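Q: I would like to go through a structure with you, step by step. Could you show it to me?

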Amino acid sequence: MPDRPPRRATILFHEVAERQIAEMDDAALACLDPHLNTIALNPKTAGIQMRPDSPVRDYAKDGVRIAYVSTVLGTIVLVAYVEVD
């Protein structure tokens, strides 16, 4: 059986995150993009669970912070908040 590339989750943005992204310049967007790719490839392990009873995960690395929720199967990720320093 041929090796297939890893399955990526579909990234959707909450309206708050959409507004934050719309205000970013090209440099911030370029910085954000690889981190979104990391989350799309590993939504269940890329971030840490914010609270034991919450589905919200927090990803923070290299000046980028992303709060997101992943579906049970990890096929869809809803990004609720983004921040790039």
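A: One term is needed at the start: contact means that heavy atoms lie within 4.5 Å. Please also note that this is a predicted model.

Q: Leaving aside neighbours within four places in sequence, which residues is Val82 in contact with?

A: Val82 is in contact with Ala17, Gln20, Ile21, Met24, Leu32, Arg65 and Ile66.

Q: And in β5, which residue is the bridge partner of Ile66?

A: The partner of Ile66 there is Val82.

Q: How many bridges join β4 to β5, and do they run parallel or antiparallel?

A: The two strands are joined by 7 bridges and run antiparallel. They form a hairpin with 5 residues between them. In the turn, Gly74 has a positive phi of about 75°.

Q: What about β1, in which sense does it pair with β5?

A: Strand β1, residues 10–13, pairs with β5 in the parallel sense, over 4 bridges. Within this pairing, Phe13 stands opposite Val79.

Q: Now the core. How many residues has the largest nonpolar core?

A: It has 15 residues. Among those with the most contacts inside it are Leu32, Ile66, Val79 and Val82. At least two residues each come from α1 (15–22), α2 (26–41), β4 (64–70) and β5 (76–84). The largest share, 4 residues, is supplied by α2.

Q: Turning to the surface, which residues form a nonpolar patch there?

A: Leu12, Ile76 and Leu78 form one, with about 230 Å² of accessible area together. Leu12 belongs to strand β1.

Q: Why does Leu12 count as partly exposed?

A: Leu12 counts as partly exposed because its relative accessibility is 43%, and that class lies between under 20% for buried and over 50% for exposed.

How values were computed: Residues are numbered from 1 along each chain as its sequence is written. This is a predicted model: local features need pLDDT of at least 70, side-chain atom pairs count only at pLDDT 80 or more; totals for chains, interfaces and linings use all residues. Side-chain values use heavy atoms; hydrogens and water are left out. A nonpolar core is a set of buried Ala, Val, Leu, Ile, Met, Phe, Trp, Tyr and Cys residues joined through side-chain atoms within 4.5 Å. Buried means under 20% relative accessible area, exposed over 50%, partly exposed in between (1.4 Å probe, protein chains only). Two strands pair if DSSP finds at least two bridges between them. Patches are made of residues with over 30% relative accessible area and no salt bridge: like charges are joined within 9 Å, nonpolar side chains (Val, Leu, Ile, Met, Phe, Trp, Tyr) within 5 Å. Accessible areas come from the Shrake-Rupley method with a 1.4 Å probe; for residues, only the protein chains shown count as cover. A salt bridge is a side-chain nitrogen of Lys or Arg within 4 Å of a carboxyl oxygen of Asp or Glu.
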